[in-house]
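This report describes the helices, the surface and the charged side chains of one protein. Please consult the sequence and the structure below while reading.

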Amino acid sequence: MANLAKTTIFTSGTSPKETPLDKTTRIVRRITEDEAEVRHQKTARLRKARLESEADTSDT
């Protein structure tokens, strides 16, 4: 029986190393998602304030 190298029988469970482009892409996506979340929260807060203001002025 031939001697088989470990790499031919079992593959490593580790993923390939992250390239600089992958790292940059990951960081940019995280920043973009964070900014989008802040923007959505601000929009929701302003919308709520506007609706409350309109409700107050329509009552009087």
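Helices (H or I, at least four residues) and strands (E, at least two) are DSSP runs, numbered from the N terminus. By this definition the protein has two helices and zero strands. The model is a predicted one, in which local features need pLDDT of at least 70 and side-chain atom pairs count only at pLDDT 80 or more, while totals for chains, interfaces and linings use all residues. Residues are numbered from 1 along each chain as its sequence is written, and side-chain values use heavy atoms, with hydrogens and water left out.

**Surface**

The accessible surface of the protein (Shrake-Rupley method, 1.4 Å probe; for residues, only the protein chains shown count as cover) comes to about 6,200 Å², and 57% of this belongs to carbon and sulfur atoms. Of the 60 residues, 2% count as buried; buried means under 20% relative accessible area, exposed over 50%, and partly exposed in between.

**Salt bridges**

Side chains of opposite charge can pair when their charged atoms come close. A salt bridge is a side-chain nitrogen of Lys or Arg within 4 Å of a carboxyl oxygen of Asp or Glu. How many salt bridges does a search of the whole structure find? The search finds two, and they are listed here.

| Salt bridge | N to O distance |
|---|---|
| E18 and R26 | 2.9 Å |
| E54 and R50 | 3.6 Å |

E54 and R50 are separated by about one helical turn, because they lie four residues apart in helix 2. E18 counts as partly exposed because its relative accessibility is 42%. R26 is also partly exposed, at 36%. E54 is partly exposed at 39%, and R50 at 43%.

**A patch of negative charge**

On the surface, E33, D34, E35 and E37 gather in a patch of negative charge. Such patches join like charges within 9 Å, using residues with over 30% relative accessible area and no salt bridge. E37 belongs to helix 2 (residues 20-59) and, at 44% relative accessibility, is partly exposed.

Note on methods. Patch = residues over 30% accessible without salt bridge, like charges linked within 9 Å, V, L, I, M, F, W, Y side chains within 5 Å. Lys, Arg positive; Asp, Glu negative; His and termini not counted. Charge placed at Lys NZ, Arg CZ, Asp CG, Glu CD. Buried < 20%, exposed > 50% of the residue type's maximum accessible area, 1.4 Å probe, protein only.
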